[in-house]
Amino acid sequence: MTISRDWATPLTIGAFLLMAVTGLLMFFHLDTGLNKEAHEWLGWAMVIGVGTHVTANWTAFKRHLARPTALVVIGVFAAILAASFFIKEDEEGGHPGKRATQVVLHAPLTSVAPLVGQAPEALVAKLQAAGFKSANAGQSVADIAGPDQGQQFKALGAILP
């Protein structure tokens, strides 16, 4: 069976575009809606696209593998992949900044208010003005904003000075 470059290459390009954009959005915590799910599930399109592209261009691919520079670049990425299975986050559960953010996101507004030098009622008013109408001082930012990380950071941004 011959795989046509006429569809293998556009499939690879389209899948790369989707993976690059959704990956960047997730990296900068700007993902909303189904960005993360699209990245995870439609990543299979990237795998299929690359597989078909390599198959359709097998002769050129073999030429690349014969070059030392290509082997070094591929080797570096293979080493990074291998290391990613063995290098773990610290015992406390990750980067201290990430942990601190999680603590603030999940603490009730009554506990967050002294940290930002404001009354809990002022934080509730700011959140309501930002569109989080059901906010109350006994809730956490995560409870108010819901599970969407983009909404959580929007709410957090509304209450921070």
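This is a short tour of one structure, stop by stop.

**Before you start**

The model is predicted, so local features need pLDDT of at least 70 and side-chain atom pairs count only at pLDDT 80 or more, while totals for chains, interfaces and linings use all residues. Residues are numbered from 1 along each chain as its sequence is written, and side-chain values use heavy atoms, with hydrogens and water left out.

**Stop 1**

Select residues 5-27, which form helix α1, and residues 43-56, which form helix α3. Helices (H or I, at least four residues) and strands (E, at least two) are DSSP runs, numbered from the N terminus. Two packed helices are described by the angle between their axes and the distance between the axes. Here the angle is about 145°, and the axes are 8 Å apart. Axes are lines fitted to C-alpha atoms, for helices over the stretch in contact; angles run from 0 to 180 degrees between N-to-C directions.

Now look at how α1 passes α3: the crossing is left-handed. That term applies if the near helix is turned anticlockwise from the far one by less than a right angle; clockwise makes it right-handed.

Next, show the side chains. On the α1 side, pick residues including W7, L11, A15, F16 and M19. On the α3 side, pick residues including M46, I48, V50 and H53. These belong to the contact between the two helices, where contact means heavy atoms within 4.5 Å. What kinds of residues make up the contact of α1 with α3? They divide into eleven nonpolar, six polar and one charged. Ala, Val, Leu, Ile, Met, Phe, Trp, Tyr, Cys and Pro count as nonpolar; Asp, Glu, Lys and Arg count as charged; the others, Gly among them, count as polar.

**Stop 2**

Is T22 buried or exposed? T22 counts as buried, because its relative accessibility is 6%. Buried means under 20% relative accessible area, exposed over 50%, and partly exposed in between (1.4 Å probe, protein chains only). A polar atom of the T22 side chain lies 3.5 Å from the backbone oxygen of M19. T22 also touches N35 and H39, not counting residues up to four places away in sequence.

Now click V21, also found in helix α1. V21 counts as partly exposed, at 43% relative accessibility. Try the distance tool from V21 to P68: they are 31 Å apart in space, C-alpha to C-alpha, and 47 residues apart in sequence.

**Stop 3: H29**

Move to the loop between α1 and α2 (35-41) and select H29. Most residues other than glycine have a negative phi, and most peptide bonds are trans. H29 is not a glycine, yet has a positive phi of about 55°. H29 is partly exposed, with a relative accessible area of 39%.

**Stop 4: aromatic pairs**

Rings of Phe, Tyr and Trp (its six-membered ring) pair if their centres lie within 6.5 Å; planes under 30 degrees apart count as stacked, over 60 as edge-to-face and the rest as tilted. How many aromatic pairs does this rule give? The count is two. Select F27 and F28: this pair is edge-to-face, with 4.9 Å centre to centre and 85° between the planes. Both F27 and F28 are exposed.

Then select W58 and F61, a tilted pair with 5.5 Å centre to centre and 35° between the planes. These two are separated by about one helical turn, because they are three residues apart in helix α4 (residues 58-65). W58 counts as partly exposed at 43% relative accessibility, and F61 counts as partly exposed at 30%.

**Stop 5: L65**

Stay in helix α4 for L65. L65 counts as partly exposed, at 32% relative accessibility. Leaving aside neighbours within four places in sequence, L65 is in contact with L71 and I74.

Definitions and conventions: Polar contact = N/O pair within 3.5 Å; in protein donor to acceptor, adjacent residues only side chain to side chain.
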